[in-house]
Amino acid sequence: MRRAFVDALYSLAEQDPRVVFLTGDMGFEMFEAFSQKYPGRYVNVGIAEAQMVCAAAGLALEGFRPVIYSIASFATGRPYELIKISLGYPSLPVVIIGAGGGYCYSASGPTHHAADDIALMALIPGMTVVAPGDPGEVTALLPQLLQLDSPSYMRIGKFGEPKYSADEAILLGKARCLAAGEGVAILTTGEMAPIALSALSTLRNEHQKSPALFQFHTVKPIDAERLIALAKSVSQLIVVEESAPSGGLYAAVIAQMAQHGIRTPIVRLGPPDEWVLGNPQRNNLRTRYGFDSHAIVRQVLEAYRNI
Amino acid sequence: MSMACTANPSLPVGKLEELAREIRGECLTLAHQSGEGHLSSSLCQIELLTALYFAFMNLSGTQEQRDRFILSKGHGCLSWYVALAKHGDIPAEWLSSYAREGSPLPNHPCKHSLPVSITSAGSLGQGLGIATGILYGLRLKRELEPRCVVLMGDGECNEGSVWESAMFAAAQKLDNLLAIVDNNGIQAVGKSDEIMGHTDLSEKFRAFGWDAVTIDGNSIPQILETLTRFPFTKGKPSAIIARTRTMVPFMDGKVLWHYRVPSAEELETALQDLQPSLP
C-alpha cells in the first residue's frame, strides 16, 4: 500500500502543482524520486507532528493541497487537538496519511498501536475517513481525497499487501461489493477485506456457503443507503474491523441501523477495548482476539445455522 | 521605515499614542458592558497593535502584496477588534455586540464570522506554525514580498508546539516571519517566571536560530524603531519580546485581571487613571 501511495502521490503532484508533501521524518528511502523531482514540494518537518499539521494549515490557506504523513498513531493521536482546531475548524483541504494503522506495528508495542486512529479522526466534524484494503483502493482514493475542500484521513498499511479485484468502482463515500451472496453479509474496512476474502474462499470451497462481502473503505461518511438496503436483505451482518470497538465501522453501522429502526442481528469481530501487551505478531493478535480468517468462517457458519 | 510603510503611511507618533489611549478606553468599556474578556491580555498589546496596523503592515494592495497578521493569543482579541474597527476593517457598530450570542466578534476570534481573520484562535501554540506554512507557501508561489506577523503571549510560549514551529522557521530561513511576544509576565493563574522558571524569551528564540530583541512594548517610538530593522538578520526569522503592562495602575501586575472584568466603579477609576503610552 505504501508503494501505491508513493506512486499515486508522484503522479498527482505531476498533474497538480498545488500538491505539497510533508513528512514527520518518516518514509526512509520512499520519497527520493518525489523530492528530487519536486524539491520545494517535499518537506521533512522533523519529528514535530504539531508543526507538520500547522504548516499544512498555512499552506492550505495559501491555496496548496498538502498531504501530511507519519506513522498512524503519531499522525493522529499525537497532534489531535491541532488537527481539530487548525484543520477541522476552518475546514482546510489537507490529506492526513496514517501509515501502519490498526495493529500494523503490533510487535512495536502500544506506542505504535493505532486502533483508535479512525475513531479519533471520525470525531472531527467534516473529516472524511477512509481505510483502503489493498493497493488498488489506495491508488483510487487518494486523488478523490485531494478533490475535497475539507480535511481527510487515510489509514494505509505497509508494503506488499495482495491486490484484489471487484467489478464495482472504488468511489469515495460508497461501499464496494467485493462478492455478491445471500443470507449473511460480511462488512469490512481497511485490511480486513483481504482476510475476509480468504475466509470467503474457504466457505465456498469447503462449506458451499456464499455470504456477501462489502468493503466499506470509507468509514465516514458511511454509505448509509447501501448499508440499510443490505441490512434489510440478510439475516445477519458480521462487521470485521481492526479498530477499537468505539468510533469505527461497527459503531457507524449500529448507529445507522438504530436510527433507521433496522433490527437485523449484527456481530462484531475485532479487537477489544484493551491494551495489547506482549508484542504479539499481527496474525497471532488477530487469532487471539478472534478476527482472523478462521474466526470469520466460524461466525458465518454459525449465522447460517441460525437462519 | 520599511518599504511597506509607503503603502500604509505612518501616522505621527503622537497620533499613534492618542489612538492607543482611545483603544484602551474602549476595551475597558466593552469588557465592562459585555462582562467578558481576558482584559489584561487585551490591554497589554495595544501599542503593539497600533504600531502594526497604523505604521508597519501593508494591508492594502493585492493579496500577493499584503502582509499577513495572525493573532495567535486569541484570548486577547478585544483590543484587536477595536483596532480593526479603527482601521476600517470591520464596522465600528459591531463592537457593542462583542462576546454576545450570535456576534461576529466572539471572545475568541472565529474566522467563519470574521473573514478578515486568517485563523480561528483560542487554542494556543498554533499561529506560529500556521504562519510558517503560509510563508513556505508564498515562497513556493514566488510571492516574496508579504511578511507574516504573529502576535503571541508569553504564557503561550509554554506550549511545546511553539518551539517545534520555531525550529522549522529557522531551518527554512523564513526571514519574512516576525513573532511578537506580548511579555506581560502573567498567565492564567500565576506569574510566568514562577511557573516556567527561566523566561528570557529573547535568549530562547536566539538559541532556536532566530534573531530576537527585548523592548518596552508600551513605547510606540521603541516599537517603531525596532520594526524599521526588520528582518533583524537576513536569513533568520525575527522575534520581538515586548515587555508590557496594562497601563491601568490598579490592574498592573495582578493575575486577577487576566479574567476579571471591571465593575462600573472600577471602570470609572480605570478611565480616569489611564496612563499614556511610554515614551
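Modeller: Let us start with a cut-off: a residue is called buried when its relative accessible area is under 20%, exposed when that area is over 50%, and partly exposed in between. Please keep in mind throughout that this is a predicted model.

Biologist: Why does B:D252 count as buried?

Modeller: The relative accessibility of B:D252 is 17%, and the label buried applies under 20%, so B:D252 counts as buried.

Biologist: Why are the side chains of B:D252 and B:R245 said to meet in a salt bridge?

Modeller: The label asks for a side-chain nitrogen of Lys or Arg within 4 Å of a carboxyl oxygen of Asp or Glu. For B:D252 and B:R245 the distance from N to O is 3.3 Å, and the pair is therefore called a salt bridge under the 4 Å limit.

Biologist: Which residue of chain A meets B:R68 in a salt bridge?

Modeller: The partner is A:E62, with 3.0 Å from N to O. This pair crosses between chains, from the loop between helix 3 and strand 3 (65-71) of chain A, where A:E62 lies, to strand 1 (residues 68-71) of chain B, where B:R68 lies. Both A:E62 and B:R68 are buried. The side chain of A:E62 also meets that of B:K141 in a salt bridge, at 2.9 Å from N to O.

Biologist: What else describes the contact between chain A and chain B?

Modeller: Chain A contributes 24 residues and chain B contributes 26 residues. The area buried between them is about 1,900 Å², with carbon and sulfur atoms giving 60% of it. In chain A, the residues that lose the most area to chain B are A:Q51, A:E62 and A:Y89, which together make up 33% of what that side buries. There are also 11 residue pairs in polar contact between chain A and chain B, counted with both residues at pLDDT 80 or more. Strand 2 (42-44), helix 3 (49-61) and helix 5 (80-88) of chain A each supply at least two residues of the side that touches chain B, and the largest share, 9 residues, comes from helix 3 of chain A. By type, the residues on that side divide into 16 nonpolar, 4 polar and 4 charged.

Biologist: Why is the salt bridge of A:R176 and A:E137 said to tie together parts that are apart in sequence?

Modeller: The side chains of A:R176 and A:E137 meet at 3.0 Å from N to O. A:R176 lies in strand 7 (residues 176-179) of chain A and A:E137 in helix 7 of chain A, so the pair ties together parts that are 39 residues apart in sequence. Both A:R176 and A:E137 are buried.

Biologist: Why is A:Q147 called exposed?

Modeller: A:Q147 has a relative accessibility of 64%, and exposed means over 50%, so A:Q147 counts as exposed. A:Q147 lies in the loop between helix 7 (135-146) and strand 6 (152-156) of chain A.

Biologist: Is A:E29 buried or exposed?

Modeller: The relative accessible area of A:E29 is 56%, which is over 50%, and A:E29 is therefore exposed. A:E29 lies in the loop between strand 1 (19-23) and helix 2 (32-37) of chain A, and its phi is near 60°, a positive value in a residue other than glycine.

Biologist: Is B:M247 buried or exposed?

Modeller: B:M247 has 0% relative accessibility, and the limit is under 20%, so B:M247 counts as buried. B:M247 is found in the loop between strand 7 and helix 10 (264-273) of chain B, and the phi of B:M247 is near 70°, again a positive value in a residue other than glycine.

Note on methods. Residues numbered from 1 in each chain as written. Chains lettered and ligands numbered in written order. Heavy atoms only, no water. Contact = heavy atoms within 4.5 Å. Buried area = accessible area lost by both parts, 1.4 Å probe. Polar contact = N/O pair within 3.5 Å; in protein donor to acceptor, adjacent residues only side chain to side chain. Helix = DSSP H or I, 4+ residues; strand = E, 2+ residues; numbered from the N terminus. Nonpolar A, V, L, I, M, F, W, Y, C, P; charged D, E, K, R; others polar. Buried < 20%, exposed > 50% of the residue type's maximum accessible area, 1.4 Å probe, protein only.
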